[in-house]
Amino acid sequence: ELYLAWQKGPSGFKRQVVLKRILPQFASDPEFVQMFVNEALIASSLTHPNIAHIYELLHEGDDYYIVMEYVKGWTIRDVLRQMGQRKERIPLPYVAQIIAAVCDALDYAYNERGPDGNPRLVVHRDVTPTNVLVCPDGQIKLVDFGIAKALRRSENITRSRTLKGKYPYMAPEQLRGEPVDHRSDIFSVGVMLHEMCTGRRLFRREGDMATIRAVLEDPIALPSQIVPDFPADLEAVIMRAVCRERDERYATAHKLASHLRRSAQAHEWN
């Protein structure tokens with residue numbers, strides 16, 4: 001449950017925040033509670049303009065609450081739906097700007113050094129249109145680190161016994177239950193980038209199994225097959241991001257953001 005609330009303090013201090021609470025039917029599920037606490041622990045350690053801030057984790061009785069930044073905006077999913085109803089697509093300059101900002105957030109989460117001096121190695125694992133917010137003033141915010149993983153420093157990978165995330169945006173290795181790393185988030189970003197540019201769902205099918213099969217096996221449509229005169233350089237960026245072979249994707253979110261900004265500059269979108 002999400003509530004809009006006031007956080008109050010001495011001398012008349014107050015600010016609007018979002019209060020996030022576990023629904024009662026899930027409060028007794030240890031795995032769900034751990035995911036909730038995990039979000040607070042990981043996200044509260046990240047301070048970046050493109051990541052929604054976590055202010056506090058509260059525990060009262062059987063209830064857990066997260067106090068987080070109130071972001072006044074819309075999800076990319078909302079924007080895509082509105083544009084679809086108008087039979088329009090998000091202009092490419094805005095797409096490039098939004099996705100580059102998401103990449104900045106992911107690169108920070110992965111490479112920012114913690115108090116021990118080592119990179120945090122945070123993999124979001126749920127980068128989707130519902131978890132990216134766009135504000136009227138142009139701010140871009142990545143939210144919901146509930147299933148994020150901070151990789152152990154002794155490894156560059158992590159495993160999960162169960163599938164967590166949204167199937168149409170999950171990397172093939174994630175769907176197969178294989179180790180995931182930073183490049184798994186890059187695949188998810190690539191899918192979102194493809195959909196924002198074309199106005200069409202890339203892997204969504206009728207039913208979960210059909211969707212999973214599409215991610216793993218179906219031909220990946222070139223944006224130029226959907227949108228006439230699609231920029232070739234931007235298409236190359238998208239197709240590299242959604243490569244099924246992890247080693248053929250961008251190695252870092254920073255590199256993907258750099259190529260997006262280079263393309264934007266070449267087309268004078270800045």
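**Helix packing and sheet order in a predicted model**

Colleague: Helix α5 crosses α8 in a left-handed sense. Are the two helices roughly parallel, roughly perpendicular or oblique to each other?

Modeller: In this predicted model, α5 (residues 182–198) and α8 pack with their axes 8 Å apart, at an angle of about 140°. Only angles over 145 degrees count as roughly antiparallel. The relation of α5 to α8 is therefore oblique.

Colleague: How many charged residues belong to the contact of α5 with α8?

Modeller: From α5, Ile186, Phe187, Gly190, Leu193, His194 and Cys197 take part, and they meet Leu234, Val237, Ile238 and Ala241 of α8. This contact comprises 8 nonpolar and 2 polar residues; the number of charged ones is none.

Colleague: Which strands stand at the edges of the open sheet of 4 strands?

Modeller: The strand order is β1-β2-β4-β3, with antiparallel pairing. Within this sheet, β2 (residues 14–21) pairs with β4 (residues 63–69) over 5 bridges. Two strands have a single partner each, so one side of each lacks a neighbour in the sheet: these are β1 (2–8) and β3 (54–60).

Colleague: Which residue in β4 is the bridge partner of Arg21?

Modeller: β4 is one of the strands that helix α1 (residues 30–43) lies across, and α1 runs at about 30° to β4. The bridge partner of Arg21 in β4 is Tyr65.

Colleague: In which strand is confidence lowest?

Modeller: The chain has a mean pLDDT of 90, and 93% of its residues reach 70 or more. Confidence is highest in helix α8 (residues 232–241), at 98, whereas the lowest mean, 61, belongs to strand β9 (residues 149–150).

Key. Residues are numbered from 1 along each chain as its sequence is written. This is a predicted model: local features need pLDDT of at least 70, side-chain atom pairs count only at pLDDT 80 or more; totals for chains, interfaces and linings use all residues. Side-chain values use heavy atoms; hydrogens and water are left out. pLDDT is the predictor's confidence in each residue, from 0 to 100. Axes are lines fitted to C-alpha atoms, for helices over the stretch in contact, and angles run from 0 to 180 degrees between N-to-C directions. Angles under 35 degrees count as roughly parallel, over 145 as roughly antiparallel, 65 to 115 as roughly perpendicular and the rest as oblique. A crossing is left-handed if the near helix is turned anticlockwise from the far one by less than a right angle, and right-handed if clockwise. Contact means heavy atoms within 4.5 Å. Ala, Val, Leu, Ile, Met, Phe, Trp, Tyr, Cys and Pro count as nonpolar, Asp, Glu, Lys and Arg as charged, and the others, Gly among them, as polar. Two strands pair if DSSP finds at least two bridges between them.
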